[in-house]
Amino acid sequence: MNKQRLATWFRIVAIVLILFGLLYVFFGLRIFSDNIALIPHDVLLPWESALYGAIMLGWGVTLLFVGSIAFNRQDRELKFALFVGIAVWLGVEAAASAWFGVWFNVGVDVVVLALLAVPLLSHR
């Protein structure tokens, strides 16, 4: 398969993930419990917690590896792309936390964004 097809494939999968992320932000994972009864109510919170942990783990590993590449190469464009992804993640998470009144997490999101923004946006 050529490079262009592989890049298109990657983008399509990424867009599908973004769309599912938006679905879950606005409707929650309870849609699997309330509407189609795939997940029992008593399993929903532990399952959501495990998913959240897995996403944080995967995102952290991605940041570690891609961030290392960006800093080793001094790649300003890649650092900015990382910053935008992090800002979207923490912005949406903070907005959802505020919506549900989980204010301590809004503070955590602001601190984490600031801690990651400093190295990503600082240039020589």
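I started with the open space, and α1 turned out to give the most to the lining of the largest pocket, with twelve residues. A reminder to myself: this is a predicted model.

Next I looked up the volume of the largest pocket, which comes to about 2,200 Å³. I found 40 residues lining this pocket, and Gly21, Val25, Tyr52, Ile55 and Trp89 are the closest to its centre. Then I asked myself which elements give two or more residues to the lining. My list reads α1 (3-27), α3 (41-73), α4 (76-99) and α5 (103-121).

I also sorted the lining of the largest pocket by class: 29 residues are nonpolar, eight are polar and three are charged.

On to the packing. A handy thought from class is that nonpolar side chains tend to be buried together in soluble globular proteins. Which residues make up the largest nonpolar core here? I wrote down eight: Leu63, Ala70, Leu82, Phe83, Ile86, Leu90, Ala117 and Leu120. Two or more residues of this core come from each of α3, α4 and α5, and α4 gives the most, with four. Apart from this core I found another one, of five residues, including Leu29, Ile31, Phe32 and Ile39.

Leaving out residues up to four places away in sequence, I noted Trp59, Leu63, Leu113, Leu116 and Leu120 as its contacts.

Conventions: Residues are numbered from 1 along each chain as its sequence is written. This is a predicted model: local features need pLDDT of at least 70, side-chain atom pairs count only at pLDDT 80 or more; totals for chains, interfaces and linings use all residues. Side-chain values use heavy atoms; hydrogens and water are left out. On a 1 Å grid over the protein atoms alone, a cavity is a set of points where a 1.4 Å probe fits but cannot get out, and a pocket is an open set with protein on both sides within 12 Å along at least five of seven lines; lining residues have an atom within 4 Å of a point. Grid points are joined across faces, edges and corners, and a volume is the space filled by probe spheres set on the points. Ala, Val, Leu, Ile, Met, Phe, Trp, Tyr, Cys and Pro count as nonpolar, Asp, Glu, Lys and Arg as charged, and the others, Gly among them, as polar. A nonpolar core is a set of buried Ala, Val, Leu, Ile, Met, Phe, Trp, Tyr and Cys residues joined through side-chain atoms within 4.5 Å. Buried means under 20% relative accessible area, exposed over 50%, partly exposed in between (1.4 Å probe, protein chains only). Contact means heavy atoms within 4.5 Å.
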